[in-house]
Amino acid sequence: MPYKLSQMLDRELKKGSAELLILSLLEDQPRHGYDIGNLIEQRSKGKLRFNVASLYPLLYRLERRDWIQGRWVEKAGQRRRRYYRLTAEGRKVLAAQRLSWREFVEAINRITGIEHA
Amino acid sequence: MPDWKDEVRRRLARLNLAPAHEAEIVEELAQHLDDVYERSLKAGLTEVEAQQVALTELADSDLMQKEMRRSQKPAKEPPVAGGGRTNLLADFLHDLSYAIRLQRKNPGFTIVAVIALALGIGANTAIFSVVNTVLLQPLPYKDPERLVMVWEEATKAGYPQDTPTAANYVDWRDQNQSFEGMAAIDETSFNLTGSGDPERLEGRRVSTSLFPLLGVEPQLGRVFTAAEDQPGSERVVLLSYALWQRTFGGDTGIVGKTLTLNGAGYTVVGVMPARFQFPTRDDEAWVPIAMTRDEATNRGRHYLQVVAKLKPGVTLPQAQADMSTIATRLQKQYPQTNTDLGAVITPLHEHLVGDIKPALLILLGAVGLVLLIACANVANLLLARAAVRQKEIAVRVALGARQQRLVRQFLTESVALSILGGVVGLVIAYASLIVLKSFIPENVSQAAQISIDYKVLGFTLLVSVVTGLIFGLAPALQAVRFNQIETLKEGGRDAATGGSGKRLRGLLVMAEVATSLVLLIGAGLLINSFLRLRKVDPGFKTDNLLTMKIVLPDAKYEETAQRAAFYTELIQRLQSIAGVKSAAVTTNLPLYLQGNSISINIEGRPEPPPGQEPIIVTRVISPSYFDTMSIPLLKGRQLTDQDTNKSPDVVVISETMARRYWPGEEAVGKRIAVGTVRSPEDWIQVIGVVKDVRQFELNADPKPQMYLTYRQHGFFDARDLVVKTDVDPSSMAGTVRKAVWEIDKDQPVSNIRTMEAILADSIARQRFSMLLLAIFASVALVLAAVGIYGVMSYSVAQRTHEIGIRMALGAQTGAVLKLAVGYGLKLVVAGIAIGLIAAFALTRVMATLLFGVTATDPTTFTLISLLLVAVAAIASYIPARRATRVNPIIALRYE
C-alpha cells in the first residue's frame, strides 16, 4: 500500500468515499446489503470494512436521495432479500463522483509526489 | 441460529420509526447478521465466537442511530399519508373522493347507514321546522314582543284568565300608564248573503285601534278610522285575503262595494294580506266594535278579548303592577260586580301558541334521542367495518401517515355519510311535514306557515355535521390505536374483536337500549293517557250524529217567538225525512266551547255575596235534544213541546248541578231564578235531572249545567243543529241543508261535521303528541333492535370457532344458545337499568301532557321494559341460533 491512513483519516475518508464505493458496486448488478459489505471488504483486501451499524444507514440515505432503490426479492428456496440497484439519478451521480475522485487523487498524488517515488 | 431481531430492534428503539418500516429494517439487518454468523461458523469459529463476531457488526450503535435519523428524515411526504403541514383543503378533497369511492364499493353498508341517519335527521328537521315556525319565529306583527293579552283574573270563581267585561276594558284602557294602546275584540259571526250561496263567516268586532297596534297594513284599501269606532257611524268591513279570493274572485274593485252581512249593508274598506291572521286563521271579516253606551258600561257580561301594546321600556311586571292597582280600585268602586276580580297580563305569543309548547319541546327532545340512537347504530357499523379495514390502515401508518391525519380522514368519511343522510333526511322531513301539518291542532298559531326555510336547512346541515363527528369519532380513534405490526402479519387477529373494540360496541348497545327505553316509556305514558282519555264517557253517544251551525241573524229574527217558529218547523221537516231519527237544536254542542254561563238565585236561600253566585253553564235547547244526543234522564221528566211561553217556566239540570246545590235533597221540584225575582213568574222549576256531559274537554270535570227550552227562553240563541241518523251521518249533509233553505233560502249553514269528528278534534292535541312520540319511539325501537342484532351477529361470528369446539365436545344446542344470548341480554339488562333511572328523571317533564297516569306509572315502566327485553332477546336469538346450526367441522376450520 503506497500510503498509510491514520485511524481518524480512515473514518473521514471512508465517509467521503463510501457513497462512491457503494454506487460503483451496484453499477453492474443489483446486490443485497451483505453482498455489498462483503465485496468492499474482499476487494479492499480487508483494508476497508463496513459493519451493519454503518452500512445500512448509508444505504437508506442513498435510497432516500433516490440514487439507489431497494426491492424485496424472493428467489426459489431462499428467504427474501432486499436488493439494491442503481437508479438513473444514481448513475449520473456515480459518473460525477468518479470524476471528482480521480481529480482529487491526482491532486493529492501530485502534491505528495508519490508518482515520482 | 440466534434470533437477532430483538437486538436490532433494541438499537432502533429510540428512533421511533413507523412500526411497519421498522419491521422491514429489522428483517434486513437480521439477515445480514445471519450471514455473518454462518460465515464465521464455516471459518471454524465456535457458535459463541460466531455470535460475538455478528454482534460487533452492531457496535457503534450510537453512530447507527445518528445516521439512521438522517437517512430516515422524510425527504418528501407521500400524498396519502401527508402530515399536518400539507394543504388542508387538498387533504379534505382527497379524503372526500376516497370516501365516495368507499361508499360506492359498499352499497349495502352505505344504504343501511344512510337510512338510519336519514330517519334520525329527518325527524329532527321536521320537528324543528314546526318549532321554528310556532315557537321561534316572531309573530307577524310589529314589535311582537311588546304585545300582550289582558285578562280578568277570577280565580275564586274558577277562571284564572277570564274574558273581561266591556266596562272593565274601558276603565283599563283609560286608566293605565303602561300601554301605548289597548284594543278590544269580540268574537262574532256573519251571515253573508247576496254574493252567491249564503255563507257563514267567522269574524271579529274590533277596536279600530287594533290594526295600528299590530302594525299591519292592508293589501288593498285602508284599515278603520278612529271615527268608525263610534256607535251609529257608517257600517264598514275589512275582508281576509282568503275570503276575498274565494267569494269575490280577488276582485280588485271590491273596495267601496257593499256586502250584506246579517241582513245589513256593510261597505268594504279594505282587504288584509294573505299572511295576516288575527286572532286565528278562521277569522275572515272584521268590523269596528263601535260600543254603544249600554255595552260600554256593562259589568255583567264577560266576553271580550283585550290585546295591548306595552310602551317602550315598560316591562311585563311593571305593567302587571299597574293593572293590579287599577283592578283593586275597581273592586272598591264596583263591589257588586268586581269583588275578587283582578287583572292579569300574558304575552300575546303565549296566548296564540297555546299549550302546544311543552308537547313540541318534548318532541324535539325525543327526536334528539332518536338521532343519538341512529348515531350509535352507525358508529357500530363503522366499528365493525374498521375491523375489516385494519390492513388498509396499517399500510397507511407504515407509509408514515400520522394518527391525526388518519382521524381526519375517518371523520371526513363519517361526515360525508351523515351529510348524505341529511339530504335523504330532508326529503323525509319534507314528506312528513305534509302529514304533520294535518295533525297539528287547528288552534295553533302560524301552523299553516310551517315550512322548510333557510333556518331549517341550516339546522339540518349543523345536525348532519355534528352527527357525523359524533358517530365517526369513536371508530376513528379506535382504528388508529391498535398495533399495526400484528395486523400486517399474516393471520393477525382483528383488533376490534377483543378488548376495547368489543367493549365499545357493548357500551353503544347499552346506550341505545337505555335511550330507546326512555323514549318508549314516554310514548307508553302518552298512549296510556290517550286510551284513558278515549275511555272517558262524554255523557252522550257520538255515533250517527250530524251537526251544523245555523245562526239566525238578529235583523231577521228579532223575537224569541220568531226563532222558536223557525226551529220548530226545521225540526219537524227534518224528522219527516227518511234516514233521520231525530233532530234538535242547542246553544252549543258539548266538547266545543266553554262559557254561556248564567248566575242564578235559588229559592229559599239568602242572596249570596257578590262574586259567589252559583254560575251555571246554560244551554237553550229543543226538547228533542236529550233523545237525539242519547243523554239519559236520571230523575223527573224531560222538556216537552208542551213547555211553552204559555206554561210555567221549567228547567232540566245536570247531576253535578243537582249534587252541588241540593246535596242530599231532591232537586226536582225546587225553583231557581235568573237574576232578580220581580214576580212569581220569574221562578223556573226544576223538572228533571240528566247525566253530565263534558262541556269543553274530555279531561276537564263537568261543571254544573242546566237546559232551558227555546220556547220559553231567549238568553242564548240556539246555534247548533244536531241530527241523529239511521245511515252514515255525513251522507245526509246535503239533504239537511236543503231542508234549511226550504224554510229560509238566505240562511247560511256552516261547520257541517259529524259528532265523531268533533270528539276527535277535542283530543287532537293529545293525539298529536301521542302519535308522534309513538312513531319516534318505534323508530328508536327498530334502530335499537337492529343495533343489538348487528352486535350479536358480529360477536357470534367471531366466536364461531369456540362454538364449534364446544359443540364438537358435545355441548347441547340449548347450552350454546344460552351462552350467546346471555351476552346480548346482559347488555340489554344493563341498558334497561340505566334507561329506567333516566326515565324516572325525565318523564316528569311530561306531567302536564298526561291524563290519568302518573309520570312514573309502574305498569307502563314494567311493560315497556319487558317489551324491550323481548325484542332484544329475539334480536340476540336469531344470530345465536344461526351459529348453533353451523357444522362443527366447518366452525373449527373457521378463521
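Colleague: Which residues of H16(B) do the residues of H5(B) meet?
Modeller: This is a predicted model, where local features need pLDDT of at least 70 and side-chain atom pairs count only at pLDDT 80 or more, while totals for chains, interfaces and linings use all residues. Residues are numbered from 1 along each chain as its sequence is written, with chains lettered from A and ligands numbered from 1 in the order in which they are written. From H5(B), B:Asp91, B:Phe92, B:Asp95, B:Leu96, B:Ala99, B:Ile100, B:Leu102 and B:Gln103 take part. Their partners in H16(B), in contact when C-beta atoms placed from the backbone lie within 7 Å, are B:Arg408, B:Gln409, B:Thr412, B:Glu413, B:Ala416 and B:Leu417.

Colleague: At what angle do H5 and H16 of chain B pack?
Modeller: H5 covers residues 88-105 and H16 covers residues 403-439, both in chain B. Their axes, lines fitted to C-alpha atoms over the stretch in contact, are 9 Å apart. The angle is about 55°.

Colleague: Within what arc do the buried residues of H26(B) fall?
Modeller: In H26, residues 800-808 of chain B, the buried residues are B:Ile803, B:Gly804 and B:Met807. They line one face of the helix, because seen down the axis of H26(B) they fall within an arc of 105°.

Definitions and conventions
Axes are lines fitted to C-alpha atoms, for helices over the stretch in contact, and angles run from 0 to 180 degrees between N-to-C directions. Helices (H or I, at least four residues) and strands (E, at least two) are DSSP runs, numbered from the N terminus. Two residues are in contact if their C-beta atoms, placed from the backbone, lie within 7 Å. A residue is buried if 20 or more other C-beta atoms lie within 10 Å of its own, exposed if 12 or fewer, and partly exposed in between; C-beta atoms are placed from the backbone. The arc is that of the directions from the helix axis to the C-beta atoms.
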